[in-house]
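Subject: Structure for you to look at

Hello,

Here is the structure I said I would pass on. My notes follow it.

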Amino acid sequence: MTLRFGVVGTGAIGREHINRITNKLSGGKIVAVTDVNHESATQTVEAYQLDAVVYPDDKALIADPNVDAVLVTSWGPAHEETVVAAVEAGKYVFCEKPLATTGEGCLRIVEAEMKQGKKLVQVGFMRRYDTGYVQLKQAIDNHVIGQPLMIHAAHRNPQVGENYTTDMAVVDTLVHEIDVLHWLVGDDYKSVQVVFPRKTQFAHDKLHDPQLFIIETQSGIVIDVEVFVNCKYGYDIQCEVIGEEGIAKLPEFPSIVLRKDEKLSAGILNDWKYRFMDAYNIEIQDFIDSVTKKGEPQGPTSWDGYIAAVTSDACVKAQQTGEKELIELQERPDFYSEKKTQTV
Ligand SMILES: NC(=O)c1ccc[n+]([C@@H]2O[C@H](COP(=O)([O-])OP(=O)(O)OC[C@H]3O[C@@H](n4cnc5c(N)ncnc54)[C@H](O)[C@@H]3O)[C@@H](O)[C@H]2O)c1
Ligand SMILES: O[C@H]1[C@H](O)[C@@H](O)[C@H](O)[C@@H](O)[C@H]1O
């Protein structure tokens with residue numbers, strides 16, 4: 001069976017996903033597209049030579065009986081409305097982060113999905129599909145390093161644009177660690193505190209950069225994540241889990257090692273698109289395969305989207321108050337229980 005996708009939002013990542021579904025992966029086909037910028041949608045159909053209908057809006061696209069799954073790659077604030085409408089129409093959804101910009105918005109999606117009686121939604125937290133993170137999780141799950149006690153992580157971008165503000169360090173950047181780290185250790189978050197070190201001269205007025213987030217889990221694991229989005233030297237993702245019996249570290253992105261001009265050197269990437277290229281391919285292939293073969297996506301769920309939204313809210317609040325803020329989640333419905341939710 002071919003999974004027929006309708007795409008809402010033909011910007012940067014929308015086009016990347018269209019390209020991978022059309023030219024790299026198997027079992028999926030783009031049959032419809034829409035974008036508030038109509039020209040972007042028509043140009044995308046031309047550029048990728050798609051046999052796809054261009055719809056005026058998401059409602060018309062969702063109503064197309066040829067659309068089995070809706071790929072939501074519009075701006076974050078538009079996600080909730082599209083996802084709820086698609087789920088109510090019984091369509092599968094692959095939604096880029098954020099699932100919705102608030103915890104309440106995510107809960108509305110959760111309710112709509114539970115009403116349908118089966119999982120329809122996968123959230124685009126691609127790091128769970130990155131080989132390095134998968135290996136880290138295996139080491140933790142197989143007790144190779146004993147109980148995890150601490151995690152040191154860093155999320156560094158070479159630079160960001162003028163429109164990137166202090167809160168975006170959470171909702172745009174830290175959100176990846178928020179998702180992947182609780183999955184890694186199988187624990188829920190309890191609290192967060194933010195420390196602002198001396199500001200780099202390369203950050204513009206509306207951005208405090210770098211920032212240090214100290215997050216505690218329910219079982220007492222302490223996680224520190226440095227978010228530094230004008231680090232200059234490259235795109236760099238670090239994660240080290242300190243356990244009772246050893247330490248497990250995320251592998252470096254592969255690079256040849258040069259011996260030249262009296263120097264020993266290895267390359268560092270400068271763009272997130274390359275760092276997680278394989279993970280994006282694997283996550284969308286997994287969505288296609290699990291929906292077509294098992295009738296349900298098996299990746300990050302709407303509940304994971306909810307956890308990320310509530311945690312993001314607490315992190316932004318902690319940025320503003322300077323206090324330790326509690327991360328208070330509602331009880332996980334049985335529908336999303338860990339046993340029922342297969343992990344990658
Ligand atoms: N998983 C990741 O690593 C990752 C990476 C980049 C972006 N993202 C997420 O993907 C989403 C899109 O990011 P982007 O970089 O492609 O942005 P973008 O601005 O390049 O593209 C967004 C597109 O959505 C369109 N759009 C906005 N509202 C719409 C609506 N209501 N209906 C239809 N079209 C609409 C815009 O016109 C634009 O073409 C964001 O939520 C972003 O956070 C995730
Ligand atoms: O939207 C991007 C993307 O999510 C990247 O993975 C992250 O490193 C960037 O900080 C963010 O701006």
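K232 is exposed, because 12 other C-beta atoms lie within 10 Å of its own and a residue with 12 or fewer counts as exposed. This is a predicted model, so please read every value below as computed from it. K232 sits in the loop between β10 and β11, and its phi is positive, near 75 degrees, although it is a residue other than glycine. For comparison, most residues other than glycine have a negative phi.

Y235 is placed in that loop too, between β10 (222-228) and β11 (236-243). Setting aside neighbours within four places in sequence, the contacts of Y235 are R156, N157, P158, L269, N270, D271, W272 and R275. K260 is 25 residues from Y235 along the chain, and 23 Å separate the two C-alpha atoms.

A positive phi also turns up at E262, near 65 degrees, again in a residue other than glycine. E262 belongs to the loop between β13 (257-260) and β14 (263-266). With 5 C-beta neighbours inside 10 Å, E262 is classed as exposed.

Two peptide bonds are cis. One joins K97 and P98, with omega at about -5 degrees; P98 is in the loop between β5 (92-95) and α5 (103-116). The other runs from D209 to P210, with omega near 0 degrees. P210 lies in the loop between β8 (189-195) and β9 (211-217).

Next, the ligands. Which residues are around ligand 2? They are N157, D172, T173, H176, V229 and W272. N157 and W272 are also on the list of contacts of Y235. Helix α7 (residues 168-185) gives the largest share of the shell around ligand 2, three residues. Sorted by class, that shell holds two nonpolar, three polar and one charged residues.

Ligand 1 has 22 residues around it, and those that come nearest are G9, G11, S74, A78 and E96. At least two residues of the shell around ligand 1 come from each of α1 (12-23) and α4 (76-88). The largest share is that of α1, with three residues. By class the shell around ligand 1 splits into seven nonpolar, 11 polar and four charged residues.

Helix α6 (residues 131-141) is worth a look on screen. Its buried residues are Y133, L136 and K137. Viewed down the axis of α6, these buried residues fall within an arc of 100 degrees, so they line one face of the helix. T131 and Q138 are exposed and are carried on the face of α6 turned away from its buried side. The buried residues of α6 pack against α7, β11 and β12 (247-249). After α6 comes H143, which has a positive phi, near 60 degrees.

On the domains: the protein is divided into domain 1 (3-127 + 278-307 + 331-336) and domain 2 (142-270). Where they meet, seven residues of domain 1 are in contact with six residues of domain 2. The side of domain 1 that touches domain 2 has four nonpolar, no polar and three charged residues. Taken over C-alpha atoms, the centres of domain 1 and domain 2 are 28 Å apart.

Last, the protein as a whole. How many helices and strands does the protein have? The secondary structure comes to 10 helices and 15 strands. The radius of gyration is 20 Å, close to the 20 Å that the globule rule gives for 344 residues, so the protein is as compact as a globular protein of that length. Its C-alpha trace spans about 55 × 55 × 40 Å along the principal axes. Of the 344 residues, 42% are buried. Taking contacts between residues at least 6 apart in sequence, 72% join residues at least 24 apart.

Regards

Terms used
Residues numbered from 1 in each chain as written. Chains lettered and ligands numbered in written order. Predicted model: local features only at pLDDT ≥ 70, side-chain atom pairs only at ≥ 80, totals over all residues. Helix = DSSP H or I, 4+ residues; strand = E, 2+ residues; numbered from the N terminus. Rg over C-alpha atoms; globule rule 2.2 N^0.38 Å. Buried ≥ 20, exposed ≤ 12 C-beta atoms within 10 Å, placed from the backbone. Contact = placed C-beta atoms within 7 Å. Near = placed C-beta within 6 Å. Nonpolar A, V, L, I, M, F, W, Y, C, P; charged D, E, K, R; others polar. Arc of directions from axis to C-beta. Domains from an automatic or database assignment.
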